[in-house]
Amino acid sequence: MSITKTSSIPRQDRMKFPTTINPTSLPQWRVLNEHARSLQSVHLRDLFADNPRRAQQFSADAAGIFVDYSKNRITAETMQHLFALVDACALRPAIDAMFAGVPINHTENRPVLHVALRAPRDADIRVDGRNVVPAVHDVLDRMGACADRIRAGNWDGYSGRPIRNIVNIGIGGSDLGPVMATEALKPFAKPGLRVRFVSNIDGAHLQETLRDLDAAETLFIVASKTFTTQETMTNAQSARAWCLAKLKDESAVARHFAAVSTNIDAATEFGIDPDNVFGFWDWVGGRYSLCSAIGLPLMIAVGPDHFRAMLAGFHAMDIHFRDTPWTDNLPVILALLGIWHGNFMGYDTHAVLPYSQCLARFPAYLQQADMESNGKSVDRSGHAVDIMTGPIVWGEPGTNGQHAFFQLLHQGTRIVPADFIAVCRAAEPMGRHQDMLAANCFAQTQALAFGRSAADVETEGTPADLVPYKTFSGNRPTNTLVLDALTPRTLGALIALYEHKIFVQGIIWNIYSFDQWGVELGKKLAHRILEDLTRKDDGMSGDHDSSTAALIRRYRTHTSG
């Protein structure tokens, strides 16, 4: 199926998107506020007792992912009001506009087409009148040829020895996606091929990564769209120096470095063979770029077939999101529950708790995807937003989190909605481990929902003075996402599920989810401060505040001599 279809919106109306709708001005918003007040005293125990089919009523599945959202303090009426809100916020035209290539990243005048990166070859997705899908598959084919060559032992380094180590140098979207997915799909990786990632400008990160590697068998992938990102290029230059110190010949760079960049001239000047530079496009934001050439280290690790299976999972969720009615639409449902919790129930954080060690980096990946996208305080009209937008996203894999912060989740004064992610079948089964993992996951959501009353505690003969300490209030909201298995395909579907959830919430909040101007100021100031940290005299080139100036002087004092 082609990822695009003829939009129901006339072209002239599509091009006016994004439509600006202040959600708080809508009658649907006011109705939800009143409805939320009516549920303040309602407990999940009662909701389940009153409806034996509640679990069936509030669950849905797609693309190998089952979502049980029955353990939220909602009713059928709640969901009806939320679906009415999303209609009033013009979500359907927004989805059509995104899939049609309309420049909905308005502040940068760019389309938002990460869906094109996983579209099948016969899809037709146009930017400025040109179908971009053939170019996407051209890059994927080049990536596949590179990955096959390395995996077959046919990419020889400068010394004639085959490449056995891959070190990806990037940061942000050029690091978090590939490292998360490479960890998640380790059971599908080629044995004996080491794939590592360097992102932090702290020299310790690069040093520790290289400590046990042989330069003659190591290929570096420098991932930077402009080939100017400060952290990435500093690490790349240090990796280049390390490589040349071992191999003693400038020409070795061409055999030991590749790049993911649009700046072929800069990569060539660095010493990289232009044939080993893989491009991507400005209509893909960094945090949505895993399916592009940014995923090259992942493709090398798991192979082109598994990488394309992951793309198929992404695409399956894309189609589900685009075509499925709201009542069964997983991204829309999760997005609306987040709106309900944040804007109507007053919960300002969101925990992501994968009960899978392979998904250990998934919370960090979603943290960037969500908080960089929807951490905005200006709406699409340029006015200050007067409601809470993106939540604080955080989490750790279970069962480790149970022995760290779950005390607060169960008995703290702050209520934290959470997504629990369970996997039915382990890629590499080991005894009862998977059963125990799933048991813990389901037990935690049950305990958070239903708690433990004082009467239950008393029946166990607990001393009266300890009863309050052993009582759990429950009524704490969770979603449970169950994957049939963690495979390349279901991983792709899972990531796309959250990508589209983020998009839906941005539409409702009336903000631009696909720019990130908030990261620019710190970068500019860092350039100025760096000049002053490394000055040979006592002067200051920048007009710094007294605190920053004092910190610079202290640093210089303790690093000089």
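The paragraphs below lead through this predicted model, from its confidence to its sheets, its cores and its cysteines.

Residues are numbered from 1 along each chain as its sequence is written, and side-chain values use heavy atoms, with hydrogens and water left out. Because the model is predicted, local features need a pLDDT of at least 70 and side-chain atom pairs count only at pLDDT 80 or more, whereas totals for chains, interfaces and linings use all residues. The pLDDT is the predictor's confidence in each residue, on a scale from 0 to 100. The protein averages a pLDDT of 94, and 97% of the residues score at least 70. Over residues 1–15, however, the pLDDT is below 50, and this stretch has 35 contacts in the model beyond near neighbours in sequence, a contact being heavy atoms within 4.5 Å.

We can turn now to the strands and helices, which are DSSP runs numbered from the N terminus: a helix (H or I) has at least four residues and a strand (E) at least two. Two strands are said to pair if DSSP finds at least two bridges between them. Five strands form an open sheet in the order β6-β5-β7-β8-β9, and their pairing is parallel. Strands β6 and β9 (277–278) stand at the edges with a single partner strand each, so one side of each is left without a neighbour in the sheet. Within this sheet, β5 (residues 165–169) and β6 (residues 194–198) pair in the parallel sense over five bridges, and I166 has V195 of β6 as its bridge partner. Between these two strands the chain passes through helix α8 (residues 176–184), and this β-α-β crossover is right-handed, meaning that, with the strands pointing away from the viewer, the path from the first strand over the helix to the second runs clockwise. Strands β7 (residues 218–223) and β8 (residues 257–260) pair in the parallel sense over four bridges, with A259 of β8 as the bridge partner of V222.

Which strands pair with β13? Strand β2 (residues 65–68) pairs with β13 in the antiparallel sense over four bridges, while seven bridges join β12 (residues 418–425) to β13 in a parallel run. L481 in β13 is the bridge partner of V67, and I421 also stands opposite L481. Seven of the eight residues of β13 (residues 478–485) are buried, so this strand is largely enclosed by the rest of the structure; buried means under 20% relative accessible area, exposed means over 50%, and partly exposed lies in between (1.4 Å probe, protein chains only).

In soluble globular proteins, nonpolar side chains tend to be buried together. A nonpolar core is a set of buried Ala, Val, Leu, Ile, Met, Phe, Trp, Tyr and Cys residues joined through side-chain atoms within 4.5 Å. Of the 126 residues in the largest such core, W283, F362, L491 and F503 touch the most other members, and helix α20 (residues 488–509) gives the most to this core, with 13 residues. Leaving aside neighbours within four places in sequence, F362 is in contact with M180, V352, I421, L494, I495 and Y498. A second, separate core of 26 residues includes L213, A215, V222 and L247.

Finally, a disulfide is counted here as a pair of cysteine sulfur atoms within 2.5 Å, and by this rule there are zero disulfides. The cysteine sulfur nearest to that of C291 belongs to C146 and is 18 Å away, and C291 is buried, with a relative accessible area of 1%.
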